[in-house]
Amino acid sequence: MGIVKISDELHEEVRLASQVMSRSINSQAEFWLKIGRLAEQNQDKSFLELIQIELEQVRKKQNETSHN
């Protein structure tokens with residue numbers, strides 16, 4: 001685990017979004033980082049498509065785990 005320095009303004013945005021999404025501040029920041037990384041890697045995909053891809057991957061992992 002590391003520490004990432006961000007502006008006070010961005011921290012406030014993360015804090016507010018975390019309340020709306022019922023996540024911790026760290027979880028909200030991690031979500032935004034992950035989505036941003038995925039968006040850069042898949043520039044042809046929309047936000048909803050990225051979420052669908054992630055859901056499919058989680059389901060696949062759960063199915064693999066439940067069959068072992």
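At what angle do helix 2 and helix 3 pack, and how far apart are their axes?

Guide: Happy to. Keep in mind that this is a predicted model. Two packed helices are described by the angle between their axes and the distance between the axes. For helix 2 (residues 25-41) and helix 3 (residues 47-66), the angle is about 105 degrees and the axes are 10 Å apart. Angles from 65 to 115 degrees count as roughly perpendicular, so helix 2 and helix 3 are roughly perpendicular to each other. On the helix 2 side, the contact is made by Phe31, Lys34, Ile35, Leu38 and Ala39. Helix 3 brings Phe47, Leu50, Ile51 and Glu54 to it. Sort the residues of that contact by class and you get seven nonpolar, two charged and no polar.

Stay with Phe31 for a second, as there's something else at its ring. The charged end of arginine 23 sits over the ring of phenylalanine 31, 4.1 Å from the ring's centre. As for aromatic pairs, the count is zero.

Now to the other partner of helix 2. The axes of helix 1 and helix 2 come within 8 Å and cross at roughly 105 degrees, which makes helix 1 roughly perpendicular to helix 2. Helix 1 makes this contact with Leu10, His11, Glu13, Val14, Arg15, Ala17 and Ser18, while helix 2 uses Ile25, Gln28, Ala29 and Trp32. By class, the contact of helix 1 with helix 2 has six nonpolar, three polar and two charged residues.

Side chains of opposite charge can pair when their charged atoms come close. Arginine 15 forms a salt bridge with glutamate 12, and the closest N and O atoms are 2.5 Å apart. Both residues lie in helix 1 (residues 8-20), three residues apart, or about one turn of the helix. The count of salt bridges comes to three, and the one between glutamate 12 and arginine 15 is among them.

Conventions
Residues numbered from 1 in each chain as written. Predicted model: local features only at pLDDT ≥ 70, side-chain atom pairs only at ≥ 80, totals over all residues. Heavy atoms only, no water. Axes fitted to C-alpha atoms, helices over the stretch in contact; angles between N-to-C directions. Helix = DSSP H or I, 4+ residues; strand = E, 2+ residues; numbered from the N terminus. Parallel < 35°, antiparallel > 145°, perpendicular 65-115°, else oblique. Contact = heavy atoms within 4.5 Å. Nonpolar A, V, L, I, M, F, W, Y, C, P; charged D, E, K, R; others polar. Phe/Tyr/Trp six-rings, centres within 6.5 Å; stacked < 30°, edge-to-face > 60°. Lys NZ or Arg CZ within 6 Å of the ring centre and 35° of its normal. Salt bridge = Lys/Arg side-chain N within 4 Å of Asp/Glu carboxyl O.
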